[in-house]
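I opened my notebook to look through a structure step by step.

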Amino acid sequence: MDTLVTIQRLTSERLDIPTETLMRARTFDEAGIDSLATLDLITTIEARFSISIAPEDLEGVASLRDLATVVDRLTTRKTHAYEEALA
Amino acid sequence: MGIRATVIAKAYAAVDIAVAGAMPFAQKRFHQGWRACRALSGLRDAPSGPYFARALLASRWRCALLLRYALQLTRPQLRTFLDDRVTYEGAAYAQHVFSGSRPVILAAPHYGAAPIGFVAAVHRMSGRRTLNLFHDTRHLAPQIALLFDRGGVDATTLLDGLPGVLAASRALARNESLVMMPDAFDDITQTLALPFFGRMLRVAPGTAFFALRASAWVVPVFAAPGRQLGVHVTIGRPIDPLRFAGLDEPQAIFLLSRALFTSFEREIRRAPEHWYNWEGFPSVSTPVDPPGRLDDDAPLRLLRDKCETSPHLLQDVPELEMLVR
């Protein structure tokens, strides 16, 4: 859940939405985040976690929690790829 | 050319007669033209009347026949059709845009011949073959996909929502072309209100947003069926987002969208029967109150009083003097 907290903080900073609102909201809509605003957020997250998010990764993503799950999955995949390259 | 294509061509030639014959018999509620007229009856600045109803029905029939006809053609025949049966207007304006190094957004209102118009536009654009289209299902309708394939268009479908937005942004970053139809009103969560046909129309800001972010040219494209078998493609004057570079983003999005819908309105006024959204137009737009009387000079009197009480205003803005003296 560290990822979710980080993403909530980044979202709050980037889109100027109070963290409390983001914690309460179950969807992007409830948080007042539209798809165009999310584009900025994706760029920020990619830079922060050093990952690349593909459009297919975002299918079914409707909340910051879903987004955090995607980021966790991509981070894990990147770590595995790095370890395999070292082995 | 096959027998079917020949029959469709004959039917196309007879559309005006068929529509005229259908008018006295068609039930008004089943007649697309009359339905549009009924929806627009309370609007001050919208087309109406039997001529419009008939022209609208003829346009719908022609578009349906055109699509069927184009689907009967082989790849070389379709190319010949695009060369011989498609006329272009305004293409010279956009030539430098199509051959330039910046991404392009083709923005089209909902016209029935739009798919053929996109194929024709790609045929006209040298070196640009990939079109990214927003679509509400994973795949294009098989017929449209077939048309694009035969027309030599590498069409990529973008999903709605977040994946589509990200994919569109990436496509523009790769200098590809994006096709958008900004007059879609099905599911708009964030909207702008723009003047359109004397009303304020709710529109999605996506086209302007992408154009500004990617410095992409916005090229209005209109594809109308001809009276003879064929399509007339009008390419509007390209809109350069760099014109709005000095403004903050919401302001720039508004002004670019306004420029685009002004271009749409100008073209739709020339031939209103081709626009598909007339029936829904009243429900997605709001009437604008008539302006105040021209002899109402209250704002001017207020300004004059302000200038008298604060003379430095005239020193700071010398042009005010022309208004208040």
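**Strand β5 of chain B and its partners**

I began with Val104(B), whose bridge partner in β5(B) is Ser177(B). Helices (H or I, at least four residues) and strands (E, at least two) are DSSP runs, numbered from the N terminus. This is a predicted model, where local features need pLDDT of at least 70 and side-chain atom pairs count only at pLDDT 80 or more, while totals for chains, interfaces and linings use all residues. Residues are numbered from 1 along each chain as its sequence is written, and chains are lettered from A and ligands numbered from 1 in the order in which they are written.

I then followed the pairing of β5(B). Strand β2 (residues 104-107) of chain B pairs with β5(B) in the parallel sense over four bridges; two strands pair if DSSP finds at least two bridges between them. Strand β3 (residues 130-134) of chain B also runs parallel to β5 (residues 177-180), joined by three bridges. There I found Ser177(B) again, as the bridge partner of Leu131(B).

Is β5(B) covered on one face or on both? Both faces are covered: Ser177(B) and Val179(B) are buried on one side, Leu178(B) and Met180(B) on the other. Buried means that 20 or more other C-beta atoms lie within 10 Å of the residue's own, exposed means 12 or fewer, and partly exposed is in between, with C-beta atoms placed from the backbone.

**The whole sheet**

I listed the seven strands of this open, mixed sheet of chain B in order: β1-β9-β8-β2-β5-β3-β4. At the edges I noted β1 (86-89) and β4 (154-158) of chain B, each pairing on one side only. As a reminder to myself, strands of a sheet pair through backbone hydrogen bonds, either parallel or antiparallel.

**The nonpolar core**

Next I looked up the largest nonpolar core, which has 107 residues. Such a core is a set of buried Ala, Val, Leu, Ile, Met, Phe, Trp, Tyr and Cys residues joined through C-beta atoms within 7 Å. Among the residues with the most contacts inside this core are Ile105(B), Val219(B) and Ala223(B). Helix α4 (residues 50-72) of chain B gives the most to this core, nine residues.

I checked Ala223(B) too: beyond its neighbours within four places in sequence, its contacts include Tyr111(B), Ile116(B) and Val233(B). Two residues are in contact if their C-beta atoms, placed from the backbone, lie within 7 Å.

**A loop residue**

I found His31(B) in the loop between α2 (15-25) and α3 (32-40) of chain B. Why does His31(B) count as buried? His31(B) counts as buried because it has 20 C-beta neighbours inside 10 Å.

How many residues of chain A are in contact with chain B? I found 12 residues of chain A in contact with 12 residues of chain B. Helix α4 (residues 35-49) of chain A supplies the largest share of the side of chain A that touches chain B, five residues.
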